[in-house]
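Biologist: Could you take me through how the features of a model like this one are read, beginning with the general idea and then turning to the case at hand?

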Amino acid sequence: MNIPFLGKRRAEPGVRDPEGIAGLLAECELLRSQAAREGVRLDDSPASLEQLDQVVPRWRDDEEVLPWLGNDAGLYLGTVIVGTVPGAAWWFRSDGQPVVRLDSGREFDVVACGHEWAVSGAPELSQTYAEVAEA
């Protein structure tokens with residue numbers, strides 16, 4: 001049932017406040033603190049992704065930190081993409097997963113990429129960025 005003055009029962013997936021959402025997703029506190037300890041400054045640039053790829057992955061020994069760090073790595077990758085690739089924007093799938101969507105409609109599950117990077121180091125964050133920027 002659709003009663004106009006009550007609005008829709010379910011919100012459509014997407015982003016209602018792009019700047020606010022981008023700010024929240026860009027926090028990546030755990031990743032930023034880990035990077036700072038290694039002397040890497042995360043300035044939301046593609047070059048910082050290359051620097052992250054060079055960090056010795058000491059977190060792989062800590063099973064509690066690994067999923068959180070992977071999540072942060074994916075959100076940071078998305079932050080860099082959204083900030084530097086024209087037409088890229090955050091989007092939420094119907095399951096609530098944040099993804100980066102390009103003007104072409106192509107979506108990238110950056111959180112999944114971040115988890116893969118945290119666990120195995122491959123693909124490198126800078127490599128994933130390059131593929132997205134090229135698309």
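Modeller: What follows goes from the overall fold to one helix pair and then to the cysteines. This is a predicted model, in which local features need pLDDT of at least 70 and side-chain atom pairs count only at pLDDT 80 or more, while totals for chains, interfaces and linings use all residues. Residues are numbered from 1 along each chain as its sequence is written, and side-chain values use heavy atoms, with hydrogens and water left out.

Biologist: How many helices and strands are there in the protein chain?

Modeller: Helices (H or I, at least four residues) and strands (E, at least two) are DSSP runs, numbered from the N terminus. The protein chain has six helices and three strands, in the order α-α-α-α-β-β-β-α-α from the N terminus on.

Biologist: At what angle do helix α3 and helix α4 pack?

Modeller: Axes are lines fitted to C-alpha atoms, for helices over the stretch in contact, and angles run from 0 to 180 degrees between N-to-C directions. Helix α3 (residues 46–53) and helix α4 (residues 65–84) pack at about 155 degrees, with their axes 9 Å apart. Angles under 35 degrees count as roughly parallel, over 145 as roughly antiparallel, 65 to 115 as roughly perpendicular and the rest as oblique, and α3 and α4 are therefore roughly antiparallel to each other.

Biologist: Which residues of α3 and α4 meet?

Modeller: With contact meaning heavy atoms within 4.5 Å, P46, S48, L49 and L52 in α3 meet Y76, L77, V80 and T84 in α4.

Biologist: How many disulfides are there?

Modeller: A disulfide is a covalent bond between the sulfur atoms of two cysteines. Here it is taken as a pair of cysteine sulfur atoms within 2.5 Å, and by this rule the count is zero.
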